[in-house]
Structure formats: C-alpha cells, structure tokens
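Biologist: I am new to this structure. Please take a close look at one part for me: the place where the two chains meet. How far does the predictor's own confidence go there?

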Amino acid sequence: MRIPFYVLVTLFYGLSLSAQDYFPINDGVKAENNNFTAFINAKIHITPTKVLEKGTLLIQKGKVIETGKNVQLPKNTVLIDLNGKSIYPSFIDIYSDFGVAKPKPATSGGRSAQYGPSREGYYWNDHIMPENDAISKFNYDRKKAKELREAGFGVVNTHIQDGIARGNGALISLNDIGSDSDRVLADKSAQYFSLTKSVAKRQAYPTSLMGALALLRQMYFDADWYAQGNVTTKDLSLEALNTNKSLVQIIEAKDKDNILRVDKIGDMFNINYTILAGGNEFESVAEIKATNANLIVPINFPDPYDVSDPYLANHVSLEDMRYWNQAPTNPKVLAENNITFGLTLHGQKSTSAFRKNLLKAIAYGLSKTEALEALTTAPAQILGKSNLIGSLQSGSQANFLITSGDIFEEETVLYENWVQGQKHIIKDKELIDIRGNYNLAAGEKVYQLSITGDFDQPKAEVKEGEDKLTSKIEYDDNWLSISFNSKSGDQVFRLSGMATSSSDILKGKLLLPNGTETTFKATKTSAYAEKEKDKSSEKPKVVPITFPNIGYGYSQKPKQESVLFKNATVWTSEDEGILEHTDVLVKNGKIAKIGVDLKPSGATIVDATGKHLTAGIIDEHTHIAALSINESGQNSSAEVKMEDVVDPKHIGIYRDLAGGVTSAQLLHGSANPIGGRSAILKLKWGANADGMIYDNSPKFIKFALGENVKQSNWNSYSRFPQTRMGVEQTFINYFQRAKAYDIKKKSGQPYRFDEEMETLAEIINGERFISCHSYVQSEINMLMKVAEKFNFKINTFTHILEGYKVADKMAEHGVGASTFSDWWAYKFEVNDAIPYNAAIMQSQGITVAINSDDAEMSRRLNQEAAKTVKYGGMTELEAWKMVTINPAKLLHIDDRVGSIKEGKDADLVLWNNNPLSVYAKVEKTMIEGAVYFDLEKDQQQREAIKREKSLLINLMLKEKDKGGPTQEPKKKIQEELHCDSL
Amino acid sequence: MKIFRITIALVLLSATIKGTAQQTPAGVQKEAFSIEGAVAHLGNGEVIENSLIMFEGGKISFVGDAKTRIARKGTIIKADGKHLYPGFIVTCASLGLIEVDAVRASNDKDEIGELIPHVRSLIAYNAESKVVESMRPNGVLLGQISPKGGTISGTSSVMQFDAWNWEDAVIKADDGIHLTWPNSFKLGPFSQGQGRRYQPNENYAKEKEKIISFLKNALAYGKSAVSEINPAYAATQGLFNGAQKLYVYADGEKEIMDAIVKTKDLGVKKVVLVGGYQAYKITEFLKEHDISVLVRAPHNLPSSDDDDYDLPYKLPKILLDSGLLVAMQNASAKNFQNRNLPFYAGQLVQQGLSKEKALQMITQNPAKILGIDQEYGTLEVGKSATLFISEGDALDMRTNQLSRAFIDGRDISLETHQTELWRRYMEKYNGK
C-alpha cells in the first residue's frame, strides 16, 4: 500500500509538534517547547494604524505575547534580528472554499424538469441546505495553502459554495506544520447564503432571481414557524438554520443591485448580512452605504479589451469599456464612504493575480492603511474574531508576514508568512543579493558577468569582449553555480562558489573544459540597477459615471423644471378632447394649469406652435428593464415579485422614452397559470429600481392561460396542467386554499405565513388585481367564472385576442382589455386573432388598451394605437386613449397619469406631428416635470458616446502596447424578453 | 397520442368553422376599368393629383390627367380625393411557407442542410394561406417568397397574392438564391457566471471557405459536360450566367465587404445585399460594386446599446440618399408583419424622406431588384394593372383603407378570414 505523501507529512508533524497533551504517544517521549521567539529591529504593523519602528514582536506557542518598543525578553527566547524588515499581520479571506471540494454538477435528467425535492427529512427545496457543514467536507489542501500564503493570507473562512442556503463555514489557519486540531479556529464561523441554485441538485424551482429571493423569504418564515414548535415532522434544514442564527450571516450578492435586494430581506428578518459584493458598487455607493452592511469585496478587475481590430472593437459597448476603466476605483470609493469591507480572492483568475489587482486598487486611490484594514482588521471584525486574528496585539494568533519593506510596493519581497507561530518560508530572507556587474577572472581570461532578474532567481549574462556566451546560472541557499560556453561553443566552463554578505567578491571553484580544477574570482564593478519602472506616476485616467452608468446615461439625474408649453395642440385624453392653441403650465412636477395665454411666472417657455402635446404613453404590458421574466419552477409563483428584478440600466427604458412612453407595467411572463406580482414603473432613466417603481403602487399580478401555461410549445410533459381543463382546476384549487388560509388568518389562530397564499388572498379580498394573459374565448370565459365563484373580478385580460368573441360577457363581468393591435398567426391559439378586436371590444363598453409585450413595438405604441383607426374605424380621440388614459384606468393610476388634466403628474410628450400619424416623432418626454428625453440632448449624447469610446479605446490600446494581458471583445446578449422568455 | 389528438382537433376545427379557405380568386379581367379622380402615386416618384387610369386585359392602357379628353372604357370608378397606388411588393418573406409559427406541421420554410440551393419555395407555396390573404387589405399584393435557415437556404420565387395554386400565383419562378453570410462576431457558448456572450467567431474563415469552395465547384461543374448528378451545383448555374440573383444576408461592415468581394470574384453576376445594418458606413464601396440593398425594415431595434435609438428608422433613408437602389425586407419578423410594409415606408417619411421616395421603396425599387419591373412596381402604360385604391394616404395606419384592388386587372377580394370574423361578431352584438 502506498501512503500518500501528505498523510506522512501530517503524521510526522502532527505527532512531533502539535499533539494535544492528552494524546498518548508511542513513538518517543513526550516533550514540550515553551520557548519564546522574538523578532527584533522590525517595522511592526500591529494594526493598520498602529506602527512601530524598530519594534519587537514576542511570540510563544503560536500566540503573540507582546509587541512593543521595550519588550522584556524572557531568558528562554530565540532571537531573530529582522534588521529593518517589516512585519504585517497576515491577511484574512472570509469568502473562501479552501479545502472544500466543489460539488459535482448534476447530470441532466432527461426531457422533463424535476419539480419535487430529492431529499427526505429536509426542507422542501433542495437548494436550501443550511445543514451543510463545511468542516465535514474539509480536507486541508497543502498546495492551495502554499499559494494562499504566498499571496499573504494566513487565515481563511471556508464554506461549501453551492446552493441558496449553504450551511456554516469554518475558520482555518493556513498552518502547514500543525494539524487540523491547530488549524480549525472555528468550525461554525458563519452561516452562508447566495442567490444561486445548487449545481448538484436538479429541482427546478427557483429558475429566476426573483424566485431565489422569494425562496429565501419563505425559508425564514418557515424557520420561525418551525422554531415556534408548530411543525410536527422533522426538518433538519430548518433546525440547522435556526441553530446557526446567531452566527455571522454572509450572503453572496455579486452585484450592487443584488446587495440592495438581499438587504431588503435582511431588513424583513432582522438580519444584518455581510454581503459579497460584485465590484460595481461605486456606481451607486450612496444606496450601498445606506444598507449599513459590511461587504466582502472582490478585486478581479477586468483586463482591457483587445480593441486593435476596429471591426471587432466596434462590438464592445461603452458600458463594458467603462467598467474596465472604473472598476479599479471600487475599493477606493467604498473606503471614502466609510463602508466596512474586507477584500477577497473570490473571483480572481489566479491567486497570484490578487497582488497585481491590489496594487492597482491602491494606484486608483485606495490608501495603504485602508487596504491593510480590508485585509486584516476589517475581516476579523466582520467575523467577530478581532481578539484572535487580524492584528498583532497580545493574545492574537501569531500570524504575520515578514517583508523587505512596504508590502504595497511592487518591488517589496514577501519573505516569510508565519501562521500560528510556525514559519513558512516564501523567499529566503537570508539569501544574499548577488545581482550586479562583475569582472569574472576565470582561467586565462577576464569575462564580463552581469547578474540580473529576481534576487532569488537571478539571470546571468557572460560576455567575452562583445560576444555573448551561452550561459546558465543556479543560485540557492547562497550557493552559486554558473556554466558558460567558450566563444566557439565547444568548451564548457563551470564554476561554483558561496556568496557572503560582507563582500562584493564572488569566489570559488572553477572547472576548466579540460577537467582541471582551479578557482575563479568575480569582482563587482557596479551594483544592480532595477530597470526604471514606468513610474510615470500620473494618476490613472478614470471617466466619470453617469446615471445609469451606460451609454445615454445622464451625467446628472434629470431634475424637475417649471415649463410652459405655449400654443400647442393638446390631446387631453379627457372629455375636453383635443384643444388647439392651448398652453400647459408645469410646476412642481404637476400639470399646474391648462389654458390660453398663460403667464409663465418663472417657467421656461417651450414654443409648441404647430406641435402636439399629449400625456405620456402607458404600456400595460412590457418586459423591458427586467432581469428575469418567468419563475417557471412551479405552476404558481404568486410569491415572486417583478419589483425585485427591475433593471434600471436597460437601454429599452431610454428607447421607450424616445417613443413617448412614460409608464409601464413590468409583468411576469406567462409560463404559469399563476405568475408573479407586477412592477408598475415610471421610466425615470437614471433612477434606481426603487426610484422607478410607483409610490403606493397599485398591486397587480400576472395570470396566464393557454398554450404557454400548458407548455404546449416546448418539450415538457410532466407538469400539471397540460390542458385548459387542468388550468381551471389549478386556479380553483389555489383559490380554495387561499380562502381557507385567509379565514384561518383572520380567525386569530396561529398560521404559517405563506407569501403565495398571502398574495392570492389579496386577490380574493379585492386588494390585488389580475392582469391575465389570454387568447381563446373558452378560457377567457372560464377565468371570469372562476373569479365570480370566489366573489372577485378579473381586472384586465392582457393580449385577449379572442376577446371580441366574448365582449358582451366581459362587459358584464366588468373586466378591461389590453390587446395587441394586429398580432396573430404565431401560435395555434391565435388563429382567430383579428386586428378589429380592440374596436369590437370598445364598442361593447370595455375599457381597451393597446400594449406591446415587445421592446420594439413599445417604442412606437402611438402607431399601434393608430391601427385601431384602420381596423374597426375608431375615432382618433378614442384611439389615442388606448395608449394613455385607458391603460391608466386598467392600472388604477388614472388619478395620477394618463391624461392632461390640472393636478395630474406632468408626464408629457411633445410631438412634431399628430401623434397617431406614422410621421410623428417625439421631441421631448417629461416625467413629473423633469425632461427624460430630448431630441437635442440625444444628439449631444451620441457625440459624447463617440468621444468617450474613442478615449477609452486609446487607453486600452496603450495597455496592450505595454504588454499587459487583454481580453477579446465581447458583447452582452441584448435580451429581448417576451411573455414566454424563460 | 398527442399528435393524434392535435390532428383530430385540426380536422374538427376546419370542419366546424365556415369560410376558412381563402377568398375565391378573381377571374381574368374581362371588362375594362377606368379609375377617375384619384391622386395617383405612380411608384416612380411622380404623382398625378387628379388622375385617370384605365386598364384592360390585365394591362394599363392609360395613365394621365382626369381632365384629358379621352373616352372612359368599361366600368368607371369615381375616386375623387382617394389615392391610387401600384401594388406593394414584399421581399424575402416566407408567406405561404409557414402558417402558424408554433405549429411544426405548418412549417415548410426551413429544410435541413447547409448548402441547398436546389430546394425551391415555389412548389411549397400555399396560395390559400390565410396569412397571405391578410396582406391584400393593406395593399401588399406581390412578394418574393424565400426559404429560410442554413447557409444557402434555397431558391426563391416571386408570387402574386390572389391565386388558386402556386402555378397560378407565380410571377417569376426561381428568381434568386438566398445565402446567409457567416458572422465574424457571434454568440459564444454558455459559460458559468457569464452566461452567453457575443465574441469573435474563430471559425469565420472556415465558414467563409465552405461557401467559396461550394461556389467554385458549382462554377466548375457548369463548365464541364455534365454527366454526374449534383442537384446543388446544378441549381446554382443561374448565378453565373445572370439568370438568377444572389441574395446575400450580411449586417456587419466586414461581412458585407467580404461577401460582396468574394461572390463577385467567383463570377456571380448579380449580388443583392440583404440586411445591411452597417451598410451606411460603406455606401461608397457598395456603389462601386453596383450593389442594391434589401435593407432591414425600420420596425426593428438597434443591435447595440450605444447605437442611435433611431438608426433602424433612418437606415433605409441613409442608404437611399447615398444613391443606392434600396428596398425593404423584414425577413426576421413573423410572417404576418409583412402586411405592415406600407407603414415601414411611412416611418421613413418621419425621418425626412419624401412620401413618393418612400413609396418607391416598396414599389418600383423592389420590382427592379427582383427583376419584375418590366411588368410591376409602377403605374405605366403597358404594365400589369396591379394596383389599389385607398381612401387616404396608404403609408399611414389611419388612412390605409382599401376599397378596391386589382392584380393583373383582376378585381380581387379584400375580404379575409379576419374581416369575416369581424363582421360575424359585430352582427352578433348588433343583433342583440
């Protein structure tokens, strides 16, 4: 049997050095080492802010005894004179998977999704694994430990990086000489979470970010319910979650907006998460600061794009170029804003790249003190282990680095990384620097020898006169050996000798080509001069951020203005109809006055002669500005919220504004009979997600019918329902359960808080409105009957392409309709879709809107509305209402928007022509009195994008010329999301 | 079992709903028509404000002012204040090749194989498609029907939209071959953490080479005394003698230049660029090579975040203004969208193009590019009487209201499956 080497090593060291005193030994006699070790004459960084010149560090048994100027050294002290070298506490990474094997990805399970869990005795969702215990999977990894020590790390907090609830982590010292009994500083050091599913599990739910957020929320509700003793069965997951509640709670967000998302969950459940950041926090640092969360920050800065081929460079977006340019400022910006953060290796391409990026962060403004804090005291504090690690105060673990000087300077050498009082050599600090130019007398001749390169891995060049000779050098432990060829190349000279620190002369043995042994002598003629570094210490050029931080973002968020539109043709979308030669005064974000010859009273005048002023267009059905559309892991997903996944950086917002759209309902997709809750947005380009969501937003949810929920058009055969018959039963069953839930809740009995049931109960209670994706008449009729059975009304049928067939029934039920102008023939269920639909429904007294469900159509909804004039002969007045006041009514926001009426929000669009005409173009779009789109400003933006791209391309080309690494041009997929986007 | 059920459902459906077949095609023109008083948009840039247009035997016999002292022939249609247009022409459409996008059984537009010029849209064209029928009430009366998918998708034909069968419908059989040029920058594989991204296509050179090698072999094949059977090479011969055009789909600057230089060098006589998203950057190059363009219709999104929001809106105009021969296509959109062709032209007017030039983009220009301009695309004496009357400006949604339409002088129906349903349900409600 072969015993792996590392086992032998462990046995050896384990027994000889680290045996606990109650462990029996049988390979010798028991011995103790109570000696002290003192490091003297060092510059000691006790903490990032407490630095001693020529100090002494005294350690014993792996711990710091004392650090100071005048340390009393006990007699049994081993002295190490560091002679001007520096000591730093070694670094800590609290987001590591050190020694914990990555779980293997699950193999594909055939053509149908797995909806149920694969475990018994645990939580219903396989991705919730708080029972996972890093220490149970832990195997000390010597190779990785060495790599980490070389990067300066002494302690890592490791955990199993898989699943949404990931269990607890373990705090490990990177001490090669000790055993796990020394290394494991804590086996329950923190509880970890993420928003990403387990790669090892196949359970479908959650398929989306919003599903992951909902799952986390429900998990906490269930844990409370379980803790109160309301569950009679065993749930090992919830038990573990509750047990570990008092630990530090760490969650992976990996993005600035995700930080805000998880912070909201933290607020709901009184958890102050420590959050793994993404690197883009500088873009909205005020909001990040407001979370009060401690962060763990990666510094995996992107390489510049290789933009040398202009055709390929053309594909790189300004957003991506900017990220390359701005990302290195992230640590600086966080520090400036007094956000507590630790740095992590997480996301680095290689451990060795960490140092390069760290120096870059400093070059971009992070102070050295802040950098050291982020690597030592901050992570220790985050873990609540400040007394144990992160500094060199008395009683701390003796974890420290010995360097040649300032650790944040490029040329500084890291010699040793002591962990728990055990020395780990990285570079031999006793090694004499022999670099320099010498006259080498060897045999009959004198050669020129020059030794360059790294001091511990030098390179040699031997010249005879002007001729360079082939040579080789080895240097280790102060022993030097050089071999070189004669000019003719057929003879080899070999010499070897020992370097001494006191002399500039290298001497030793020389073996001549003929085998004769003699001596050589090399006399230093000049010292080694490091190549003059590109210390053109000019500050790196960083372009400013915009709102949002992509092309067409504004350098300042648009502000409310007082504006007087003079002499416009005003489409009121009210009974007043279209008013010619009319003025509209905007003040404080509202429509202050409509009339003739209004006084500006300080307002900016916009001459609207010959132009048309309308209310902003409202799109009842959009999927722009979303990070996910469907949570398709279950047939009901009432627990998910589109408000959780609003993407304020989506260019679709700007393009919609350019088409006169000011409000939109961001709907969940149509994968499930019961979809998710809506986000109703004002398209305030530059605001964050919460800034776009309506205040006191009416509550909506998406439902769906037909082919999508039956999963007819893709290979899925295992999920109920597969027919329209099943769809009805799904609804009835859910509403029955919601009703029972609501009755129990109102009765005052204890009940298990269920977000899904809460949402459905809101529907039954008339507090939440349904917008239901629908096509054929049978299902439309069915859903109305289901609603009537539970005494509520369907608010809106969206798409509703066969609404015209049951318009009388719809009018009777009191439901509104939001439809396409002319879409059909894309699915079997739209065979009978007709463009006259809107007109027919309207004729029967239904409130009808025209929607887009499409980023392209959304930006010219005025034209889509105009089609109702062609198909079915609507008047222009009525047609225009279909994209303004009617959708406002359907969304219950008609008291605020949708028409030009005094007192309403100043959400206005100025057109150069009749807005229903295909020839009309938007000149200005205003929301609450602030101009969010302006044709002239748009022109300036285009120029600015061109200029900035060219500047950044030049900066990237410079980086490439310097020989730095680059990445090939890339472009994000521009997702055009629709109802059935999964 | 599932398929069986769907089949039954389809059979039942067609049995229970009346009038699902297309409107009966009109018979050949027997009597003459004279349309008087309309604003005639001739399709060549000219307008006659108060016009008289006469046609008999399927051909236009008179185009002129209504004040002209000339005997009116046949039925006189008073069209004062109305507008008269030549039938609009779509290109690169798969009308009649697929009925319902999500129903695989109705899909005949994409055959397997990468280089298959020998597959022909002609014989699969469903003249009774309800989607084809829905083109007519918007003035879209003719179109090029092209196969989709693969590298060389197949051979297209030009059809008129009121016919009993494909033989009856065809105007120009096998007019061109459709080639999708590879992209030098394309969607890469899925990677953990990053998802999928566009990135440089490492195989671009190889993919190009496949096409070049195919065309070289096809050319060589044509020069030999052909004995072996090679349907693909045989189907390509028209490209080298000018009988057929090569429609090359390319959007990137680099791809466009590659495609044109390579195919021309290989002896392809007539090349038409389809797509041309970045063509505006190389208009001089395109002119030098005498390339006409079927540009992507304006109702599309910009391809990149940093592009002008209105780039798709103005792109056709930019190309036209540079002096190129330009018409429009919306090949990547769903079939039914082709009826919005007039509004694509309208969108160009929004961008500052004159209405008559915009109109040319869907009449004379496509006719020239498709090689049917001897017969179609303009209102001129001797040409086919393929035209329609609209109550108002046909390029604007509100006023595109057809009252009469003729294809080759045949008085065609403007009713459709959709208008029938409209009437049926309005009757239901009015009858209450």
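Modeller: One term comes before the rest: pLDDT is the predictor's confidence in each residue, on a scale from 0 to 100. This is a predicted model. For chain B, the mean pLDDT is 93, and 94% of the residues reach 70 or more. Chain A has a mean pLDDT of 94, with 96% of its residues at 70 or more. Its residues 1-18 fall below 50. Beyond near neighbours in sequence, that stretch of chain A has 15 contacts in the model. For the model as a whole, the scores are ipTM 0.94 and pTM 0.93.

Now to the meeting place itself. On chain A, 53 residues are in contact with 43 residues of chain B. Helix α22 of chain A, residues 861-870, gives the most to chain A's side, with five residues. By class, that side holds 27 nonpolar residues, 16 charged ones and 10 polar ones.

Strands also link the chains. Strand β44 of chain A, residues 971-972, pairs with strand β13 of chain B, residues 197-200. The pairing is antiparallel and runs over two bridges. Look at A:Lys971 to find one of the residues involved: its bridge partner in β13(B) is B:Tyr198.

How values were computed
Residues numbered from 1 in each chain as written. Chains lettered and ligands numbered in written order. Predicted model: local features only at pLDDT ≥ 70, side-chain atom pairs only at ≥ 80, totals over all residues. Contact = placed C-beta atoms within 7 Å. Helix = DSSP H or I, 4+ residues; strand = E, 2+ residues; numbered from the N terminus. Nonpolar A, V, L, I, M, F, W, Y, C, P; charged D, E, K, R; others polar. Pairing = 2+ DSSP bridges.
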